[in-house]
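Subject: Structure handover

Hello,

Here is the structure I said I would pass on. Please look it over before reading my notes.

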Amino acid sequence: MNLSVIIPIYNEESNIRSLYERLKKVLEGMHVSYELLFVNDGSYDQSLYLIKGLSLSDSQVKYIDFSRNFGHQVAVTAGIEKSK
């Protein structure tokens with residue numbers, strides 16, 4: 001089974017690491033193939049920097065970066081379109 005987890009992000013720098021660690025723990029326990037697809041929805045904090053760092057150290061982490069905030073629904077739709 002392949003699973004794509006789409007995660008819209010807007011100025012969530014303080015939550016990204018914890019969310020990533022919790023998701024990894026749960027997904028690894030499920031013994032499935034998965035990807036974590038972060039969608040940076042125009043954040044102006046360090047969210048994108050943190051997501052890029054995760055993607056460099058974990059091949060299961062992917063990201064989309066929007067130039068500005070388009071809203072939650074657009075971010076989810078973009079994630080669905082880009083997911084495996």
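The notes below cover one aspartate and the aromatic pairs.

This is a predicted model, in which local features need pLDDT of at least 70 and side-chain atom pairs count only at pLDDT 80 or more, while totals for chains, interfaces and linings use all residues. Residues are numbered from 1 along each chain as its sequence is written, and side-chain values use heavy atoms, with hydrogens and water left out.

Asp41 lies in strand β2, residues 33–41 (strands are DSSP runs of E, at least two residues, and helices are runs of H or I, at least four, numbered from the N terminus). Asp41 is buried (under 20% relative accessible area; exposed is over 50%, partly exposed in between, with a 1.4 Å probe and protein chains only). Asp41 has no salt bridge (a side-chain nitrogen of Lys or Arg within 4 Å of a carboxyl oxygen of Asp or Glu). The nearest side chain of opposite charge is Arg68, 7.3 Å away (Lys and Arg count as positive, Asp and Glu as negative; His and the chain ends are not counted).

There are two aromatic pairs (ring centres of Phe, Tyr or the six-membered ring of Trp within 6.5 Å; planes under 30 degrees apart are stacked, over 60 edge-to-face, the rest tilted). Tyr10 and Tyr44 pair edge-to-face, at 6.2 Å between centres and 85° between planes. This pair links distant parts of the chain, 34 residues apart: Tyr10 is in the loop between β1 (2–9) and α1 (16–30), and Tyr44 in the loop between β2 and α2 (47–57). Tyr44 is exposed at 68%, and Tyr10 is partly exposed at 37%. Phe66 and Phe70 have ring centres 5.3 Å apart and planes at 85°, so that pair is edge-to-face. Phe66 is buried at 14%.

Regards
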